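Thanks for making the time this morning. I would like to walk you through how two chains meet, and then through the spaces inside one of them.

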Amino acid sequence: MLFPTTEFAVFFLVVFTGSWLLRPHATAWRWGMLAASLFFYTNPLSPGHQDWKFALVLTGSAVGNWALAQAVWSSLGEGRARTVRSTWLVRFGVAANLGVLGYFKYTNFFVSFWENRLEDLGISVSHTTLNVVLPIAISFFTFQALSYVLDVGRGELAPVKLLDFAVYLTFFPHLVAGPIVRVGEFEPQINQRADPRFVESAEAFQLIFRGLFKKVVVSSYLATAVVDPVFANPDLYGRGALAVAMYAYAIQIYADFSGYTDMAIGLALLLGIRFPQNFDAPYRALSLQDFWRRWHMTLSRWLRDYLYIPLGGSRGTRGATFRNLFLTMLLGGLWHGANWTFVIWGALHGGFLIAERVVKERWARREPLGLPPLLVKVLQWWLTFNMVSLAWVFFRAPDFDVAWTFLTRLVVGGDVNQVLTHSMLGLVAVIALAVASQFVPPRVPARVTAVFATTPPAFQMACLAMGMVIVDALGPEGIAPFIYFQF
Amino acid sequence: MPAGMVLAVVGGALIIAMFMNADATARKAAAPRGGEANYSWRQSIATGIASFSDFWRFTGPRERLDQALGKNTGPSDAERSEVEQLAAENAEEAQAVAEADLTPVLRAPTAEAPLKLWVGGDSVSADLGVSLEAIGAKSKLFTVRRDSRVSTGLSRPDFFDWPTHLARDVVPSEDPDVLVFMVGPNDSQNIPLDGGRRGYALGTPEWQQEYRLRVAGTMDALRSRDNDRLLLWVGTPQPGPGAGLKQQDTINWIVSEEAAKRPWVRYVDSWGLLNAPDGSFAARLPNADGQEYQMRQKDNIHLAIAGADRLAWSVWAVLGAQIDLSQSQVQPDPAQSAPADATERPSVPAPG
């Protein structure tokens, strides 16, 4: 089920009502929320609904990981110290989760890769494409389940009840595209009964409408006007259109993904649950490191806590730190999908981060150039934004050839066959406004929200209704799925 | 705010928005999903709400907003009646002169007085347009104006209305002598009607009839009363593997049948010109020089430069059969044109 649809609005009204009515009854609320989340996941009333078997994968993950965490907890030693048994159980849990994820996500990729390599060597092999269908959200719920097992294995978190864990893993606002919430952030909130007299509605409305506008208006417009046609046939377009398409995709993916996250956080807030922030104006970053502190923050901290630090983090030699950084970004890229373009995207970011560290170390040893600090910041921002945008080309391109064609034509140009049907000026204006919005201080929307919260309910109702009409009118007919649904 | 009040605010806002957006919601409910018509309970509910909202004029603000944004409005009543009037006049005139020869008579172009050639349609026509422009410039006998619109066709005038654009914008202001028109790939979808409240599923007899009416209407609206305009309607090329397009040759069949009824229209069959000798799809083909060239882009829909050149030289040959191009010194380049055995199909087979 997609958030910006009528059917979701009806679904949410029912869930919202049921949730607050059942809140005093802890167990009933949990069962109700679990049922609602599974309904949301399978969407049985939709003509193209997801196979119910995928709900078994989701519930299987919940039950399996909960049982494993119980076993890990009981095998910890004195003072929650790790034991050989608990370590092996955790390793088994990691392998099992990644095995399931790998089966669904990477089987076709690796089978076709090895078939092609063998055929390159002249060895004919039968085509054994398994056509494994990827269950929606498997990357997200696998990472969340893994974080639970790992936290319990480290002795940092006591196991929770099965029903609590199932509600956590399947909770529909964050189920399909994050944010990647941890049990330690979620479980206390469902145990601490939220007060129905104080729903943080003004902040929730602001988040939901901000998300709707980003997704339905900005992301859809840029996708239709420039990104989709140019990335479909980059060899038809000139340098200008390609550059606009590159920047437009940087904005599109931000508007799409952060729009979803805003809506998810807002919806959860209406149900009395607060999610962690997932984006913090990433395109105002002054370095790649800064960018990754602001972009998909819950994935970044997951990779940091469960991959980068266990690999050794920055505790070893300089070379080891660079290796860990590169591996983390490479695997982060592969997490996004079974395609070499994602691997290249991850490798590029890994390389950029290493290069950035090297340059910063060298510059720190040099005398300052005497440039005005503001100019230095602008140059840092410009460089960061362009490197990030350039890497997005690999993320968006369907294959390496298209990405290569895109980038070579971007640099060397070529014959121009095609012109964009939308005004280049309009597109540049939308991109510029979107980038400029990153520099709006957080106190501005906070102030607007605070003022809105003091207005009469009838006024709020009218504002929400007009907001829905305007967003619907500005958006296209029909909503494309969110980009991050595929991951 | 208390949860009960939040429910009232959200519920009230949703109800107000539902009535104000009723027409748009009805259109979305009727929109094709996964290539199938979706005439389900959603559509029944959405249509009922839209009728109620229209009656009470709740949809007025949204309509005005759409008009201000230039969306979903299609041509205005006045513009539509202008197009309909033009088509009707042409039909009456065609009836009146049914006995007359309606084959267009175009003067022989010269470098000093070239003919005006307009080429347009969807993004595939853009590929062809570039190549035709190059030939036109080389021959000096045509000034070429390109007017391609990405993602357009005849199925969704709410997205882009070609008949209105041609009759309202192209013919009066540019008065082209020759129009080369090409649509089809984007018409691989259901045809919504009545603002999306009903529609015809792709490929059904009703869909074919509606599409035929649109093709015929476009052709009729483009006939010159002075009988001095030629329309070359280039058939949509065969889509290759993975292109995901359906009913493309049904579209060609409809266009070829309607073109055959109208002397001012010539259907150009791209399948025969761009397919392998056995009639199957081919991404690469040999040209007249014997060398093999990439004819299609990676999406197996659009034309690569060689494919566009090959089709353009074929269009040039068709033009030469209709117009005296003796002033031209231009000969088809063997490296760009089809070999002699690559010709149009004698007829487009009926579907099924």
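Predicted model: local features only at pLDDT ≥ 70, side-chain atom pairs only at ≥ 80, totals over all residues.

Between them, chain B and chain A bury about 3600 Å², of which 64% is on carbon and sulfur atoms; buried area here is the accessible area, taken with a 1.4 Å probe, that two parts lose on being put together, summed over both. Residues are numbered from 1 along each chain as its sequence is written, chains are lettered from A and ligands numbered from 1 in the order in which they are written, and side-chain values use heavy atoms, with hydrogens and water left out.

The contact, meaning heavy atoms within 4.5 Å, takes 43 residues from chain A and 44 residues from chain B. There is one salt bridge between the two chains, defined as a side-chain nitrogen of Lys or Arg within 4 Å of a carboxyl oxygen of Asp or Glu, and it joins B:Arg62 to A:Asp472, with the closest N and O atoms 2.6 Å apart. On the side of chain B that touches chain A, the largest share, 14 residues, comes from α1(B), where helices (H or I, at least four residues) and strands (E, at least two) are DSSP runs numbered from the N terminus. By class, that side of chain B has 22 nonpolar, ten polar and twelve charged residues; Ala, Val, Leu, Ile, Met, Phe, Trp, Tyr, Cys and Pro count as nonpolar, Asp, Glu, Lys and Arg as charged, and the others, Gly among them, as polar.

Now to the spaces, which were found on a 1 Å grid over the protein atoms alone: a cavity is a set of points where a 1.4 Å probe fits but cannot get out, a pocket is an open set with protein on both sides within 12 Å along at least five of seven lines, and lining residues have an atom within 4 Å of a point. Grid points are joined across faces, edges and corners, and a volume is the space filled by probe spheres set on the points.

The second largest pocket holds about 720 Å³, and among its 27 lining residues, those closest to its centre are A:Val94, A:Leu98, A:Trp302, A:Tyr306 and A:Leu307. Which helix gives the most to this lining? That is α4(A), with ten residues.
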